[in-house]
Amino acid sequence: MTLDELEIKCKNCTKCGLCEGRTNLVFGYGKKDADIMLIGEGPGENEDLQGKPFVGRSGALLDKFLASVDLSREKNVYIANMVKCRPPKNRDPKPEEQELCLNWLREQFKIIRPKIIVCVGRISAQKLIDPKFKVTQEHGQFIEKNGVLMMGTYHPAAILRNPNNKELAFQDWLALRDKIDELGIEI
């Protein structure tokens, strides 16, 4: 199965109530065989309107972080979310919504086969790395799960709310670049 075929199947998903309020499915975006995959929590209003993850102010900040380490969603990164439909009023996706949507993400992993997964924000880090993950304490640290390196970092929206964490987040992206170099991943 290809990502395009999986996306078509996902568009028909009605497993949870989030599908009822969506304008667009936000399946994912980027290089379809990327070695680096970023996972956010769920689409916000701008993402729902455009059908792409991380757009608007937080997306612009994420793109700056990516560019600072020679990455981009157009050429060498794939970006997805824990849930594919916007939670009402941009609330955090509920655990049961994440669970119902997790198989879509697992199928994306199987097709893309990333070497590194960056969990962007608390929600994805707690679901994919460790339920007790604390971004403020564990950001930028790599762990291996099922042969894939994973790291959690600050969500760009959280940085926009608290700019004091921008330098810490930037250090995470530098650590990612160093890990890419260490593994000899061509970007």
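This section describes the fold, the surface and selected residues of a predicted protein model.

The secondary structure comprises eight helices and six strands. From the N terminus, the elements follow the order α-β-β-α-α-β-α-β-α-α-β-β-α-α. The chain has 187 residues, for which a compact globule would have a radius of gyration near 16 Å. The protein has 15 Å, which agrees with that expectation. Along the principal axes, the C-alpha atoms occupy a box of roughly 40 × 35 × 30 Å.

Among contacts in the protein with a separation of 6 or more, 71% are between residues 24 or more positions apart. Of the 187 residues, 49% count as buried. The accessible surface amounts to about 9,500 Å². Carbon and sulfur atoms contribute 47% of that surface. The protein carries 29 positive and 27 negative charges.

Helix H1 spans residues 3–11. Its buried residues include Leu3, Leu6 and Cys10. These residues cover an arc of only 60° around the axis, which puts them on the same side of H1. An α-helix has 3.6 residues a turn, so residues three or four places apart point the same way.

Backbone geometry was considered at two loop positions. Most residues other than glycine have a negative phi. Phe54 is not a glycine, yet its phi is positive, at about 50°. Phe54 sits in the loop between helix H2 (45–50) and helix H3 (56–68). Its relative accessibility is 5%, under the 20% limit, so Phe54 counts as buried. Lys89 also is a residue other than glycine with a positive phi, near 55°.

Gly147 is exposed, with a relative accessible area of 57%. Pro114 is 33 residues from Gly147 along the chain. The C-alpha atoms of Gly147 and Pro114 are separated by 9.9 Å.

Definitions and conventions
Residues are numbered from 1 along each chain as its sequence is written. This is a predicted model: local features need pLDDT of at least 70, side-chain atom pairs count only at pLDDT 80 or more; totals for chains, interfaces and linings use all residues. Side-chain values use heavy atoms; hydrogens and water are left out. Helices (H or I, at least four residues) and strands (E, at least two) are DSSP runs, numbered from the N terminus. The radius of gyration is taken over C-alpha atoms; the globule rule is 2.2 Å times the number of residues to the power 0.38. Buried means under 20% relative accessible area, exposed over 50%, partly exposed in between (1.4 Å probe, protein chains only). Contact means heavy atoms within 4.5 Å. Accessible areas come from the Shrake-Rupley method with a 1.4 Å probe; for residues, only the protein chains shown count as cover. Lys and Arg count as positive and Asp and Glu as negative; His and the chain ends are not counted. The place of a charge is taken as NZ of Lys, CZ of Arg, CG of Asp or CD of Glu. The arc is that of the directions from the helix axis to the C-beta atoms.
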